[in-house]
Amino acid sequence: MDCEACTDRLVELLYEELPEEDAEATRAHLSGCEACSQAFAQIRAGKGLAAMLEMAEPPASVLDAVMAAARERVADRAPAQEPAHERPATAPRPDEEEASGPWAAFLKWVGGFAMRPQLAMALTLLLIVGLGMWYLPTLRQSDPADSHAIVDPAPGDEAGPSTSLVPAEPLDLEADPRTGRIRTREDEAAEERVAAVRPAPPAPTPEPAPEVTGERSVPPPSPPRRTRRDWPPATAPAVRARWWRRPCPILGSRSWTSARARPRRWRRNRRRAPRCARSRRRWPRRSRPRRS
Amino acid sequence: MTKEHSDEELLRRFNEGDADAFAELVRRYERPLYNFILRSVRRRERADELLQDVFLKVVQRSSDFKGQSKLSTWLYTIARNLCIDHSRKMVFRRHQSLDAPRAGAEDGPTLLERTAAEGAEPDRAAVMEDLKRRIADAVEELPEEQREVFLMRHVQGMRFKDIADVIGVPENTVKSRMRYALERLQRALADYQEYVDELM
């Protein structure tokens with residue numbers, strides 16, 4: 001053992017915190033090293049002097065205040081932690097004495113369930129489901145034009161929800177059974193006027209009426225369905241915005257980055273096609289809508 | 001309250017509503033904590049206030065003690081933090097108190113002058129009283145980091161590892177500080193060395 005290691009262990013040796021093996025090695029070094037033994041003697045003398053340090057007594061008033069605070073704390077906790085069997089027995093209230101009989105027992109049994117959260121949640125769920133089942137048929141019998149509503153995206157906000165969720169009015173259109181073209185009721189009136197002047201042609205065979213299913217009333221002939229590719233015309237900014245938001249050809253969902261989510265360099269150059277947020281695929285240029 | 005209950009057990013019982021357990025804790029720690037604080041702040045009235053603050057903090061935060069360390073470590077950490085706060089406040093209003101006892105009489109009379117002046121037979125009680133005062137002064141004049149280590153070891157008897165936990169320094173640093181403190185005490189009280197050797 002060298003002197004440096006011995007010096008590090010002197011204090012532990014003095015206070016007997018050194019393991020026995022190390023203590024023996026340190027003592028062996030001290031017996032042969034005068035400098036280390038002098039250092040050990042010095043700190044041992046210091047310890048002897050420190051042992052005579054007088055210990056002062058704290059004033060009792062300080063501790064009385066502490067104990068008063070501790071008892072107050074215990075008293076504050078007591079009502080919450082006191083076991084039921086240790087509570088003092090109190091006389092029953094007059095209304096408790098009067099409440100007897102089967103009706104009181106029933107009320108007491110119901111009252112036991114009153115504040116239970118599980119029961120409250122179950123009742124709320126039942127209420128919601130019941131109201132839904134009650135109103136659902138009524139909603140289904142409402143205006144069939146709801147199903148033909150055209151949902152327009154908000155022109156200024158590509159990422160936000162559509163603001164025009166108001167159902168569109170039923171279109172006054174009717175398909176010509178011969179040509180398949182759409183004709184309005186005004187056209188029909190004009191044709192009737194022409195037919196009144198001309199000799200009547202043989203009546204066309206009427207188309208079979210559409211089957212009426214369920215409780216629905218006879219719906220008006222449905223207008224030609226507008227697809228996403230041909231509507232709306234590709235000239236307005238809102239239309240272009242709608243094109244940007246087409247589903248990803250890989251993932252199929254609307255995962256294209258919105259204008260706000262695109263990097264700044266994309267926003268600076270709006271002509272660049274956006275990428276899908278997840279597949280990172282760029283929209284192919286050839287499939288962009290062409291202006292007519 | 002029997003002595004075999006550990007400190008942590010006593011605190012747990014206090015949290016369950018046993019005020020006597022806390023009284024036992026106070027009895028165990030009042031003296032060493034008070035002396036630790038007194039030697040740190042050097043003023044009795046301040047030490048009284050700080051000791052009260054330490055125990056009041058224990059009362060308020062007893063439920064926060066999770067038992068991951070020793071209770072003594074926790075108590076001394078609280079006491080040390082309060083002493084540090086106090087010394088920081090005193091830095092801004094350090095002045096010579098008119099009623100505080102004067103510490104460090106380096107240029108005063110020697111032990112021989114003081115004892116021989118009384119007569120041929122020195123009054124041993126007077127010398128002892130003077131020695132105790134000098135030891136207290138020497139402890140109070142230790143550097144802050146050495147004094148706190150010395151007091152925790154001597155007053156409370158804490159192990160060096162626990163002292164290192166309280167202070168937040170490596171254990172070897174604690175041992176070095178302890179060694180320096182003992183050497184400094186021995187040098188400061190070298191005049192009394194022979195007298196102490198006679199007593200021992």
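**Note on the predicted two-chain model**

1. B:Arg42 has a relative accessibility of 43% and therefore counts as partly exposed; the classes used here are buried for under 20% relative accessible area, exposed for over 50%, and partly exposed in between, with a 1.4 Å probe and protein chains only. The residue sits in the loop between α2 and α3 (44-61) of chain B. Although B:Arg42 is not a glycine, its phi is positive, at about 70°.

2. The model is predicted: local features need pLDDT of at least 70, side-chain atom pairs count only at pLDDT 80 or more, and totals for chains, interfaces and linings use all residues. Residues are numbered from 1 along each chain as its sequence is written, chains are lettered from A and ligands numbered from 1 in the order in which they are written, and side-chain values use heavy atoms, with hydrogens and water left out.

3. A second residue with a positive phi is found in chain A. A:Glu16, which is not a glycine, has a phi of about 60°. A:Glu16 belongs to the loop between α1 (3-14) and α2 (20-32) of chain A. With 71% relative accessibility, A:Glu16 is classed as exposed.

4. Chain B contains 10 helices and 0 strands; helices are DSSP runs of H or I with at least four residues, strands are runs of E with at least two, and both are numbered from the N terminus. Its elements, read from the N terminus, are α-α-α-α-α-α-α-α-α-α. Of its 200 residues, 47% are buried. Contact here means heavy atoms within 4.5 Å. Among the contacts of chain B between residues at least 6 apart in sequence, 61% link residues at least 24 apart. The accessible surface of chain B is about 10900 Å², and carbon and sulfur atoms contribute 46% of that area; accessible areas come from the Shrake-Rupley method with a 1.4 Å probe, and for residues only the protein chains shown count as cover.

5. Chain A has 10 helices and 2 strands, and along the sequence these follow the pattern α-α-α-α-α-α-α-β-β-α-α-α. Buried residues account for 21% of its 292 residues. Of the contacts in chain A with a separation of 6 or more, 42% are between residues 24 or more positions apart. Its accessible surface amounts to about 22300 Å², with 57% belonging to carbon and sulfur atoms.

6. Leaving aside residues up to four places away in sequence, B:Ala136 touches A:Leu53 and B:Arg39. Its relative accessibility is 12%, so B:Ala136 counts as buried. Between B:Ala136 and B:Arg42 there are 94 residues of sequence separation, while the C-alpha to C-alpha distance is 9.7 Å.

7. Helix α6 of chain B also holds B:Leu131. B:Leu131 is buried because its relative accessibility is 0%. Its C-alpha atom lies 9.8 Å from that of B:Asp191, a residue 60 positions away along the chain.

8. In chain B, helix α1 (residues 7-15) packs against helix α2 (residues 19-41) at an angle of about 145°, the axes being 7 Å apart. Axes are lines fitted to C-alpha atoms, for helices over the stretch in contact, and angles run from 0 to 180 degrees between N-to-C directions. The residues meeting here include B:Leu10, B:Leu11 and B:Phe14 from α1(B), and B:Phe22, B:Leu25 and B:Tyr29 from α2(B).

9. B:Arg12 is likewise located in helix α1 of chain B. At 38% relative accessibility, B:Arg12 is classed as partly exposed. B:Arg12 and B:Ser63 are separated by 51 residues in sequence and by 8.3 Å in space, C-alpha to C-alpha.
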